[in-house]
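Subject: Structure handover

Hello,

Here is the structure for you to look over. My notes follow below it.

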Amino acid sequence: LKSILWKNSETDAKPAGVLPIWKVQDVCVGVQTPAVLQAEKKQSSRSCSCFRSSSGLMKLEPNLIISVVTDERTLDLQAATVEQQMLWANALKSRYREHVQRHGTGGTEAVVLPKALASRYKAYPKGFRSDLCELRLACEKLQAIKSFGNTFEVMKELTLDPPKVCSTCRKIIPADAKLCRHCDISQDVMSSTQPKAEAAAPISSV
């Protein structure tokens, strides 16, 4: 999944809008974005308790709203059921995490929209934008922890005991080696069979 596409009607030949996955900052449920808050406000002031959507008049159900947030706009949808709402939310979060694992959270080079779709991306006026970014921050934190973990493993390897030298063949072997892989001499045997250093003989005087 590189982009989220939607249509006003299933029969429409072209999408009504597009949202590149790399632009996503958060996926949330309920009334949390300026666009949904505005719709709720308008609905509460009308006796019909409806708001106008791309598919016509419909009743706003706050517990069925799902919003995809970017820095320039939001995509606010209303599911038919809570189950559908959670299915959409979890699927979108999962797809975003997969994208971050492959491309990271920073870089527009990760996804290049075709010209036909690029024109379908519309930014909202500043008053209708949201600064919600919990999903992106969580993914960035996870990446940082993973990167730190990899660094820690490398540092751990670098701080292992230094290798030792086989006293028989004088070749380097691991510090914890029980057997020299070059001459097949056991390290225990080596240590126990090494000739003891003889005491220095006194120099006789003539």
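Two strands count as paired if DSSP finds at least two bridges between them. E1 and E2 meet that cut-off: they run antiparallel and are joined by 4 bridges. Within this pair, leucine 5 stands opposite valine 18 of E2. Please keep in mind throughout that this is a predicted model.

Overall picture

The protein has 5 helices and 9 strands. From the N terminus, the order is β-β-β-α-β-β-β-β-α-α-α-β-β-α. Of the 206 residues, 29% are buried. The exposed surface comes to about 14,300 Å², with carbon and sulfur atoms supplying 56% of it. Take the contacts between residues at least 6 apart in sequence: 54% of them join residues at least 24 apart.

Strands

In a regular strand, side chains alternate between the two faces of the sheet. E2 has Gly17 and Leu19 pointing one way, and Val18 and Pro20 pointing the other. All four of these are buried. Strand E3 (residues 24-29) is mostly covered, with 5 of its 6 residues buried. E3 pairs with strand E6 (residues 65-70) in the antiparallel sense, over 5 bridges. Cysteine 28 has serine 67 in E6 as its bridge partner.

Lysine 7 sits in the loop between strand E1 (3-6) and strand E2 (17-20). Its relative accessible area is 43%, so lysine 7 is partly exposed. The side chain of lysine 7 reaches the backbone oxygen of aspartate 12 at 2.9 Å. Beyond its neighbours within four places in sequence, lysine 7 is in contact with Asp12, Ala13, Lys14, Pro15 and Ala16. Lysine 7 and glycine 17 are 10 residues apart in sequence, and their C-alpha atoms are 7.0 Å apart.

Helix H1

Which residues of helix H1 (residues 34-44) are buried? They are Ala35, Val36, Ala39 and Gln43. Seen down the axis of H1, these buried residues fall within an arc of 95 degrees, so they line one face of the helix. Lys41 and Ser44 are exposed on the other side of H1.

A buried serine

Serine 130 lies in the loop between helix H3 (115-118) and helix H4 (134-158). Its relative accessible area is 9%, so serine 130 counts as buried. A polar atom of the serine 130 side chain is 3.2 Å from the backbone nitrogen of leucine 132. Leaving aside neighbours within four places in sequence, serine 130 is in contact with Gln25, Pro34, Val69, Thr70 and Thr74.

Salt bridges

The structure holds 2 salt bridges. One joins the side chains of lysine 23 and glutamate 72, at 3.3 Å from N to O. Lysine 23 lies in the loop between E2 and E3, and glutamate 72 in the loop between E6 and strand E7 (74-78), so the pair ties together parts that are 49 residues apart in sequence. Lysine 23 counts as buried, at 16% relative accessibility. Glutamate 72 counts as partly exposed, at 24%.

Arginine 95 and glutamate 98 also meet through their side chains in a salt bridge, at 3.5 Å from N to O. Arginine 95 and glutamate 98 are 3 residues apart in helix H2 (residues 82-103), so about one helical turn separates them. Arginine 95 is partly exposed at 41% relative accessibility. Glutamate 98 is partly exposed at 32%.

Best regards

How values were computed: Residues numbered from 1 in each chain as written. Predicted model: local features only at pLDDT ≥ 70, side-chain atom pairs only at ≥ 80, totals over all residues. Heavy atoms only, no water. Helix = DSSP H or I, 4+ residues; strand = E, 2+ residues; numbered from the N terminus. Buried < 20%, exposed > 50% of the residue type's maximum accessible area, 1.4 Å probe, protein only. Contact = heavy atoms within 4.5 Å. Polar contact = N/O pair within 3.5 Å; in protein donor to acceptor, adjacent residues only side chain to side chain. Areas by Shrake-Rupley, 256 points an atom, 1.4 Å probe, with all protein chains shown as cover. Arc of directions from axis to C-beta. Salt bridge = Lys/Arg side-chain N within 4 Å of Asp/Glu carboxyl O.
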